[in-house]
Amino acid sequence: MKFSYNWIRELVEGLEYAPGTLEKLITMKTAECEGIEAAGTDSIIEIDNKSITHRPDLWGHHGMAREVAAILGCKLRDPANLALLPTGPAAIKIQIEDLELCPRYSALVFENITVQPSPLWLQHRLTSIGLNPINNIVDMTNFIMAELAQPMHAFDAGLIRGDTIFIRPAKPGELFRALNDEQYRLEPANLVIADSAGAIALAGVIGGGDSAIGEKTTRVILESANFQASSIRKTSSALKLRTDASMRFEKAQDPANTVRGLARAIELLREISPGIRLVGGVADQKKEMPLPPSIELPLEWLERKLGRAIAASEVRQILERLEFGVAELKPGVFRVTVPSWRATKDVAIKDDLVEEVGRMVGYDSITPTAPLVAASVPPGNPARKFQHEVRNIFIDQGFTEVYNYSFISEASARAFGFDPEAHVRVSNPIASDQELMRASLLPGIWKNITENARHRESFRLFEIGVEIGGRPGGLPYETPHLAAALFDRYGDGTGGLFEVKRTAECLMPGAMAKPAAARSFEHPARAADVLWKGETVGRLFELHPSLVESGRAAVLDLDLQLIRKLSAGDVKYTPIRRYPSSAFDLSVIGGLREHAGDLEARVARFAGPLLESVQFLRQYSGPPLAEGEKSVSFRLTVGSPERTLSSEEIGEIRARIIEGMRELGYELRL
Amino acid sequence: MLDESIRELESRSLARIQSALTAEELEAARVDALGRKGALAQVSSGMGKLAPDERSRIGKLLNAAKQALESAYDAKKRQFERAALTARLDAEWVDLTLPAPGPRRGHLHPITRIQRELEELFVSLGFTVLDGPEVETEYYNFDALNIPRDHPARDMQDTFWLDGGNLLRTHTSPVQVRGMERLGPPLRMIAPGRAFRNESVDASHEHTFYQLEGMMVDRDVSVAHLLYFMKTLLTAIFQREVTVRLRPGYFPFVEPGFELDIQCLICGGSGCPVCKQSGWVELLPCGLVNPKVLRMSGIDPEEWNGFAFGLGLTRLAMMRYGIDDIRHLQGGDLRFLEQF
């Protein structure tokens with residue numbers, strides 16, 4: 001919202017500060033100024049709209065002038081002279097169907113109008129704050145909107161059918177041609193202004209094309225109304241039609257302001273359309289106006305909230321300058337009456353008054369103070385702590401952390417064989433390639449691999465993030481996952497797979513890879529489930545070479561929620577064995593594609609309870625072994641906590657293994 | 001006569017020991033002189049024929065010669081051992097300028113770094129770290145924060161809506177509500193995490209960004225306390241004294257609401273391009289928790305109150321590391337990430 005410095009100066013008596021100083025004061029006390037711009041002899045102060053969302057009164061110069069006057073202790077001039085309002089029967093009837101949706105509708109009829117360009121001062125004023133001059137009548141309505149924050153609309157009375165203005169919900173499918181030449185199909189949720197034949201304006205949003213002021217207009221119905229904020233906002237966002245009027249009404253304007261707008265119009269029209277005549281009195285239908293709300297403000301409570309002492313007289317002065325009513329209810333307690341322009345939604349509770357007093361005394365007058373609270377150990381967050389530990393492990397093993405978007409495209413979901421329909425879908429995606437919520441980190445990691453492969457011969461990276469999965473009737477699942485990748489342009493890819501596997505074991509000592517059928521994006525002969533403590537916690541695989549043309553990428557995908565659950569539990573000490581253990585080696589001959597892990601498990605099973613550990617030593621294929629065979633060697637360590645094993649006992653264990661393996665069809669090289 | 005030959009034998013053997021060039025020559029000299037069948041042994045084997053007086057005198061003489069030769073031998077032997085060790089170690093020369101094998105340490109994402117630092121800081125101040133879902137309900141993201149449907153404040157946060165009516169949280173503030181519901185007062189919490197706004201991406205705008213929500217609920221929490229925590233926090237983050245100021249700001253879940261600015265760290269407040277010549281940089285929104293928000297989360301605002309703030313981690317990381325393009329943060333480019 002743009003404010004003219006000169007305009008504000010006309011309304012604040014004795015304002016001496018330069019625009020730059022004023023801008024700083026407004027920023028510190030009222031609302032954020034985004035910048036200041038010279039415009040001829042004027043300066044335009046731009047206020048961030050977001051910072052006045054709660055202040056319907058600040059959408060006009062008079063409201064801002066009131067703030068400035070309060071900050072500086074100057075006198076505020078009121079441009080609306082209510083004494084100008086004509087009395088007597090009105091020339092037009094008003095019928096409001098629902099006073100909740102339209103709490104007030106005021107109108108005046110003027111005749112003998114000359115539609116012509118506005119005087120230059122008026123044109124200039126509108127241009128300086130970004131409004132286009134059109135003709136004197138329309139410009140007058142825009143001027144009052146910019147001054148009093150009261151949107152107004154002028155209808156050509158000659159084009160209105162009947163003698164009554166209706167404020168009613170639109171009929172289903174009712175067509176309406178607006179001033180912008182667009183045709184809208186309306187719904188009963190849209191409030192319209194209508195004559196006996198149909199809609200002539202979309203209430204609080206835009207006027208109709210069929211009753212617009214033109215060169216031939218001589219008689220005008222001037223509307224100054226008040227509408228329910230949420231209704232205007234709904235209509236405006238449903239029709240994607242934001243106007244200067246709707247922007248103001250959706251902030252909840254002051255119903256007391258309608259007749260002030262009319263009074264201001266009388267004064268202006270006399271100047272810019274000489275010869276103009278009023279027809280009848282003010283037509284004014286309204287809901288019974290509520291009493292100004294009053295708030296009990298205990299001063300001691302106010303001080304505790306601000307964290308500084310403040311004199312009662314100062315509190316009173318601040319509130320009175322902002323035109324709040326202040327009465328002393330009892331010692332130390334004020335009864336504060338809220339002015340109508342602050343009462344629509346802005347100020348309702350005593351906390352709102354803390355802000356009024358706080359900003360005016362200046363927050364810089366408050367000394368930062370440490371609170372006196374009980375010392376306590378905050379509850380921990382084991383899930384987050386675990387994720388930080390996981391990060392440390394991967395960093396230590398050379399992996400660099402990446403962050404990817406939570407969105408993926410249908411195409412990349414399909415590239416991984418995921419069903420796009422099984423994903424949570426964004427209704428209003430920012431781009432068509434960001435329409436699904438990721439149900440896997442892998443598409444993002446794939447992108448990281450292909451992009452970085454352009455610059456690097458080898459690299460390691462990982463991401464920790466949530467997989468989002470559908471769950472009907474509630475929030476979707478969000479499962480923390482880790483995806484890590486090791487890329488190498490050269491080599492056959494096995495080194496990378498084992499490096500990734502080793503890193504997985506850093507996180508999960510004793511984790512195992514259990515070969516499993518490959519998914520479409522996995523290398524068909526290089527894919528395994530990751531098992532830890534008996535549960536499948538993830539996947540270890542090489543990306544299908546067709547997905548990574550420039551090299552090999554080993555990938556690890558882990559369910560961190562499950563792994564954290566399995567990691568729980570403290571270390572329990574077991575005494576160091578007092579008796580020496582013994583070790584011997586065995587080599588098992590099996591098929592070339594036999595899994596060493598399976599052979600190891602079998603050997604261990606036959607070894608029995610005295611086995612301390614079994615360790616893979618090496619594998620070998622070639623002469624003297626037959627074609628299609630390999631020999632896998634293990635070192636077995638056996639022992640007992642109670643005694644030193646005799647050589648006979650060790651021999652028995654060894655014989656038991658050899659015999660057991662032979663029964664399963666495996667020869668052993670001894 | 002015997003005296004003479006012993007002395008001559010001693011000096012000859014001594015010369016041979018001392019002039020040995022190799023360990024082998026030395027050993028041969030020792031065997032010849034001191035060995036079981038060596039020269040000294042031969043002399044002493046003939047001593048039985050001597051008179052007792054003479055025998056004892058010659059015996060002493062032989063002993064002295066033996067000791068002299070043995071000590072010369074030991075010295076020479078040590079000399080050879082030292083030389084051998086020196087030679088062996090010299091052969092073990094290693095070029096330590098060669099690179100160490102194995103992977104280099106990886107890098108934490110800059111947001112993770114900042115986030116961790118802040119988590120540790122807040123935990124040390126007695127705050128608990130909470131998490132909330134990235135997909136939220138309209139209730140937690142808006143209604144429970146005093147932003148009802150059709151409130152214009154919803155425009156401040158362009159929202160990604162999901163099929164089925166949920167949304168991507170537009171801020172980490174919903175975790176406040178979840179924290180209040182779960183833990184109740186008194187409460188000190190932070191919630192760092194990912195948030196989403198439906199806006200186009202360019203060098204300074206992102207639809208995916210990171211925030212750290214903070215909240216304290218206790219009896220008699222004041223603006224002065226809020227200022228204290230913010231100043232403490234920012235001094236720790238920037239590792240120097242920072243000057244902060246509060247000015248009015250509107251956020252429906254706080255009342256009063258503030259924008260907190262810090263005095264520009266680049267120019268010290270005199271004005272520069274970073275602070276757009278104003279001397280101040282807008283850093284975070286904060287305020288006292290709106291009593292309506294407390295009430296909606298089941299906390300009696302007559303008994304408890306609090307402050308809340310929302311720190312932009314993305315912005316902080318960019319300021320801290322001088323990152324000029326926000327898109328790097330989600331770009332996955334190792335040439336960027338490996339700098340941290």
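Tutor: Axes here are lines fitted to C-alpha atoms, for helices over the stretch in contact, and angles run from 0 to 180 degrees between N-to-C directions. Two packed helices are described by the angle between their axes and the distance between the axes. The model under discussion is predicted.

With that in place, consider helix H9 of chain A, residues 299-306, and helix H12 of chain A, residues 350-361. Their axes lie 10 Å apart, and the two helices pack at an angle of about 65°. Because angles of 65 to 115 degrees count as roughly perpendicular, H9(A) is described as roughly perpendicular to H12(A). The crossing of H9(A) and H12(A) is right-handed. On the H9(A) side the contact is made by A:Leu302, A:Lys305 and A:Leu306, which meet A:Val354, A:Val357 and A:Gly358 of H12(A). By class, the residues of this contact of H9(A) with H12(A) are four nonpolar, one polar and one charged.

A further helix pair in chain A may be set beside this one. Helix H18 of chain A (residues 596-607) and helix H19 of chain A (residues 647-663) have axes that come within 8 Å and cross at roughly 130°. That angle makes H18(A) oblique to H19(A). The crossing of H18(A) and H19(A) is right-handed. From H18(A), the residues A:Arg602, A:Val603, A:Phe606 and A:Ala607 take part, and they meet A:Ile653, A:Arg656, A:Ile657, A:Gly660 and A:Met661 in H19(A). In the contact of H18(A) with H19(A), six residues are nonpolar, one is polar and two are charged.

The wider setting is chain A as a whole. Chain A contains 19 helices and 32 strands. Its radius of gyration is 40 Å, well over the 26 Å that the globule rule gives for 670 residues, so chain A is more spread out than a compact globule. Taken along the principal axes, the C-alpha atoms of chain A fill a box of roughly 125 × 60 × 45 Å. The domain assignment divides chain A into domain 1 (2-78), domain 2 (83-286), domain 3 (294-363), domain 4 (383-567) and domain 5 (582-669). Between the C-alpha centres of domain 3 of chain A and domain 4 of chain A there are 57 Å.

The C-alpha trace of chain B spans about 130 × 50 × 45 Å along its principal axes. Chain B is divided into domain 1 (2-91) and domain 2 (110-337), and the C-alpha centres of these two domains of chain B are separated by 90 Å.

Finally, the two chains touch: 67 residues of chain B are in contact with 78 residues of chain A. Several elements of chain B each supply at least two residues to the side that touches chain A, among them helix H5 (110-124), strand E5 (208-218) and helix H8 (223-238). H8(B) gives the most to that side, with six residues. By class, the side of chain B that touches chain A has 31 nonpolar, 18 polar and 18 charged residues.

Technical notes. Residues are numbered from 1 along each chain as its sequence is written. Chains are lettered from A and ligands numbered from 1 in the order in which they are written. This is a predicted model: local features need pLDDT of at least 70, side-chain atom pairs count only at pLDDT 80 or more; totals for chains, interfaces and linings use all residues. Helices (H or I, at least four residues) and strands (E, at least two) are DSSP runs, numbered from the N terminus. Angles under 35 degrees count as roughly parallel, over 145 as roughly antiparallel, 65 to 115 as roughly perpendicular and the rest as oblique. A crossing is left-handed if the near helix is turned anticlockwise from the far one by less than a right angle, and right-handed if clockwise. Two residues are in contact if their C-beta atoms, placed from the backbone, lie within 7 Å. Ala, Val, Leu, Ile, Met, Phe, Trp, Tyr, Cys and Pro count as nonpolar, Asp, Glu, Lys and Arg as charged, and the others, Gly among them, as polar. Domain bounds come from an automatic or database domain assignment. The radius of gyration is taken over C-alpha atoms; the globule rule is 2.2 Å times the number of residues to the power 0.38.
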